[in-house]
Amino acid sequence: MDKPKVGFYWCASCGGCEEAVVDLAETILDVVEVVDIVFWPCAMDFKREDVEAMPDGTMAACFVNGAVRTSEQRAMAELCRRKSQSLVAFGSCAHLGGVPGLANLHSRQSILQACYGDGVFTTVNPDRVVPGPRTERPEGSLELPELDGEVKRLDHCVTVDYYLPGCPPPVKLIVDAVTAIVENKLPPEGTVLAPDTALCHDCPRLDSKPEEPFIDRFRRPHQIPIDPEKCFLTQGLLCLGPATRSGCDNACIQGNMPCTGCMGPLSGVRDQGAAALSAVASLMATNDASQADRVAAELADLAGTLYRYGMPSSLLFKKAEQDRTGGVPCPSE
Ligand code: SF4
Ligand code: SF4
């Protein structure tokens, strides 16, 4: 019997999700025992034409990581969608927009200006040349993908069947997903392939998290020696565990660092940053607005902290988008 065919592709991402596949280590041998990898440009020499030549639905599943920002990424997302029976948004960027999604706090123009205009400190660009989709030179035309107005998550562009969360997704969840594909035991479409409980739920430090409001100030991890046993919130360190899905085996907590929220929100939570803020606010030891403001002001880069992995999924993003477009909502929602 033919083995199920699978593919991997990346859009706007750092490469960490591809590393996570490599982190399967010798388990990758078990994986290739049971599936045929027919597309993985990061690791093998596949070309776009190879995928275009496949009959539609050839791949049992295609795992696409990264957010979508360019015309090329949109075209590849659509191609992978067409050629696969199941499309899996792999990792935080495909799932929620990820760290690249923080670019949505700025306009495309201001980003180009910062990178190629006067704000540049790392690029030698005396003529302030801004790359465009087409450049004519005596030798011929040069083409680049177009930069879209904002960063989108994968399901803003194509229908996604499953989501494998995490930055990057935990190896165990990847193996479980591949096993489910091979055994044809995938859950209902739209499922996030991770437990639907909060990280605090199985955190080894949960017993030291007080039930009553107690937060009277915030610190940053480099400012204090961190007790490796106590709940981070108890120590005045912002931990997004209360508003984050579990499934990572508490990877950061085990490394004595607070959770920054990469597994995304639990089912039914519309806005992870707002949920985190609400959880933390309920633990503040004051009802006085000005004192609460003073405590909140100790959190550096609030938007970047609460929405590190999900700005394109947030209500905040919708507001920013509406401000820019004069009220036109995102076409996907
Ligand atoms: S807030 Fe963080 S450290 Fe505290 S119990 Fe939850 S996950 Fe653990
Ligand atoms: S502890 Fe939080 S940030 Fe770290 S891997 Fe788990 S979900 Fe992601």
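Predicted model: local features only at pLDDT ≥ 70, side-chain atom pairs only at ≥ 80, totals over all residues.
## Overall build

Let's start with the big picture. The protein is built from 12 helices and 10 strands.

As for the inside, 36% of the 333 residues count as buried. Take the contacts between residues at least 6 apart in sequence: 75% of them join residues at least 24 apart.

## Around ligand 1

Ligand 1 has 14 residues around it, and those that come nearest are Cys200, Cys203, Cys231, Cys239 and Gly241. By type, the shell splits into 11 nonpolar, 1 polar and 2 charged residues.

## Around ligand 2

Now for ligand 2. The residues around it include Cys248, Cys252, Cys259 and Cys262, along with Leu199, Thr244, Asn250, Ala251, Ile253, Thr260, Gly261 and Met263. This shell has 8 nonpolar and 4 polar residues, with no charged ones.

## A look at Gln109

Gln109 sits in helix H6, which covers residues 108-116. Is Gln109 buried or exposed? Gln109 counts as exposed because it has 11 C-beta neighbours inside 10 Å, and the cut-off for exposed is 12 or fewer.

Gln109 also pairs up in an interesting way with Gly149: the two are 40 residues apart in sequence, while their C-alpha atoms are 8.8 Å apart in space.

Note on methods:
Residues numbered from 1 in each chain as written. Chains lettered and ligands numbered in written order. Helix = DSSP H or I, 4+ residues; strand = E, 2+ residues; numbered from the N terminus. Buried ≥ 20, exposed ≤ 12 C-beta atoms within 10 Å, placed from the backbone. Contact = placed C-beta atoms within 7 Å. Near = placed C-beta within 6 Å. Nonpolar A, V, L, I, M, F, W, Y, C, P; charged D, E, K, R; others polar.
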